[in-house]
Each structure stands twice: as C-alpha cells, then as structure tokens.
Amino acid sequence: MADREPTIVIASDAAEAGRRAAESFIDVLSDNVEAGRERHFIALAGGSTPEVCYRALTEPPLRDRFDPAGVEWFFSDERCVPPDHPDSNFGLARRSLLAPLGVASDRIHRMPADEDDLTSAAAHYEHMVRSRVPIGSNGLPAFDVIFLGLGADGHTASLFPGSPALGERHHLVKAHRIESHGAWRMTMTFPLLWAARRLFVLATGANKAEAVAAVLLPGSDANRWPAATLREGSSAVTWFLDADVARLVERHRPT
Ligand code: 6PG
C-alpha cells in the first residue's frame, strides 16, 4: 500500500496543539452523526502530552459541542501498573477526561496490563476489541480515532525502537518487555493502528523535534523511528504539533 501523506497541524504552543486535536476529535463525531452513525469507537493515548487535549474536551466551549454518551473509550497502550498508579494511562484519562465527562464504566475498556498473565490479558483485550469495534474493509476492527503520542526516541504507543513487536503482523494487542525501560508494557500493534480510520498523533516540546523530523521524512528507518510506520496503513494520519517540536519540519508555520 502506498504511504499516505499525513496532515500536519502546527500550533503556536502545546495548549493550542491540544485544543486543535480536541476540535478535530469533535469534528469526527459530528461527521459521524451527520452520516447517521451515533456510536463512536476511540482509543486514547498515554503519556502526559494528551492531557491538555482531554481537559479541553471537558470544558466549555468544546464540552458543549458533543455528546459523550455515544462514545466507547479504549486505550492504545498501557503500563504494567494498577489503574490507580500515577503512571497509569488509564488513570490519566480517568482523571482528565472520563470522570469529568461522567462516562459510564461500561463504556470504558481499560487495558488489563496489571494482570499476572500478560500474554493472556493481551489476548483477551484483543478479543474484546474484535468483538466490540466495527470491522473495516480490511477485516480488522476500525476505530474512528486512535490518539497516539511520540517519544523523543521515535516510539509511539509502546512500540519502541528495535522491539520485536514492531514486526508483529498477527496479534493486534501484545504485551512485551521494553528493555530500554526495564519494564513490561501492553500495546496495540501496527496492524490495529493501521486499520483505524484516523490516527491523531500529538507531539510537543523541543526535545522531540529530531524525532518528529525523522518520522515525517519519507523513507526514514522505521526500526529506528517506529512512528514512521504509521504512514504505511490506510489511516488518515494527522500530527498535532507545537512550534517548538516542528522547528525542523519543512513547513514551519502555525496553521
Ligand atoms: C506511554 C505512551 C507513549 C507516549 C510517549 C510520549 O504509555 O508512555 O503511550 O507512547 O505517548 O512516550 O509521552 P509524553 O506525552 O509523556 O511525552
């Protein structure tokens, strides 16, 4: 499949980048409703960057522009910690988005990365995704939007440079040990990310400028810069950047 050109949104700062992502998210839900689709399937990113986006969705004016009742919330990756641990991606989403929106617990699908048997837990999460998320044209679950972040090393979700999981093409969710972190993670794999209708990648901060430039450079080494692989799927990929992280990107201007 030919690589799809990503959309690049360059905001003046991190808060504005988060707001632009939140606005685009609401536009997706509005388009779905106009097309007669009342249910929406979203996977949330971890890390710290998405918090400004999540919080913008819980406050006026954006809060008043969508109905969260039709949304089912999933996660693109998770650390192997309990849900109330400060490092939990679920915990970040619960504090900054899901609880403030009053999302019912049966609409929230936490990645069970704190279970003892992580291989079985990953398989169960995959089975649940396959059973709940509408199947797209390529026979895989097609999320409406998967939010993702980017590490300064070019990782996205928990797909890190040099990881065997980068080449996983059968399992849609995997648990694996991240040698650079000395810890286990659970993550969606590229086939599931590629099947999403849209990928919203949020990256801000000067420390990631080299990674963003490398990832967006056509033909870059995807084993070294894993997020470069996102372009190989059928998803419409949109990057939400701030000026600091975009300083090495050719089209350097707030849009
Ligand atoms: C995670 C994320 C990971 C994150 C990047 C960026 O679990 O950590 O899924 O991919 O998006 O590491 O993290 P920051 O937003 O904290 O810079």
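S88 caps the N-terminal end of helix 3, with a side-chain oxygen 3.2 Å from the backbone nitrogen of F90; a polar contact is taken here as a pair of N or O atoms within 3.5 Å, where within protein one must be able to donate a hydrogen and the other to accept it, and where residues adjacent in sequence count only if both atoms are side-chain atoms. The model is a predicted one, in which local features need pLDDT of at least 70 and side-chain atom pairs count only at pLDDT 80 or more, while totals for chains, interfaces and linings use all residues. Residues are numbered from 1 along each chain as its sequence is written, and side-chain values use heavy atoms, with hydrogens and water left out.

Helices (H or I, at least four residues) and strands (E, at least two) are DSSP runs numbered from the N terminus. Helix 3 covers residues 89-101, and its 13 residues should span 18 Å at 1.5 Å a residue, which agrees with the 17 Å between its end C-alpha atoms; the expected span is 1.5 Å times one less than the number of residues. After helix 3 comes G102, whose phi is positive, near 70 degrees. The buried residues of helix 3 include F90, L92, L97, L98 and L101, where buried means under 20% relative accessible area, exposed over 50% and partly exposed in between, with a 1.4 Å probe and protein chains only. Among the elements covering these buried residues are strand 2 (40-44), helix 2 (51-56) and strand 3 (71-75).

Strand 3 is itself covered on both faces, with V71, W73 and F75 buried on one side and E72 and F74 buried on the other. Strands 2 and 3 run parallel and are joined by five bridges, two strands being paired if DSSP finds at least two bridges between them; I42 has W73 as its bridge partner in strand 3.

Within strand 2 lies H40, which is buried, with a relative accessible area of 3%. The side chain of H40 makes a polar contact of 3.0 Å with that of N32. Beyond its neighbours within four places in sequence, H40 is in contact (heavy atoms within 4.5 Å) with residues including L29, V71, E72 and D144.

Elsewhere, strand 9 (residues 236-242) has six of its seven residues buried, so it is largely enclosed by the rest of the structure. Strand 1 (residues 7-11) runs parallel to strand 9 and is joined to it by five bridges, with F240 as the partner of V9. Strand 8 (residues 198-203) is also parallel to strand 9, through six bridges, and A203 has L241 as its bridge partner.
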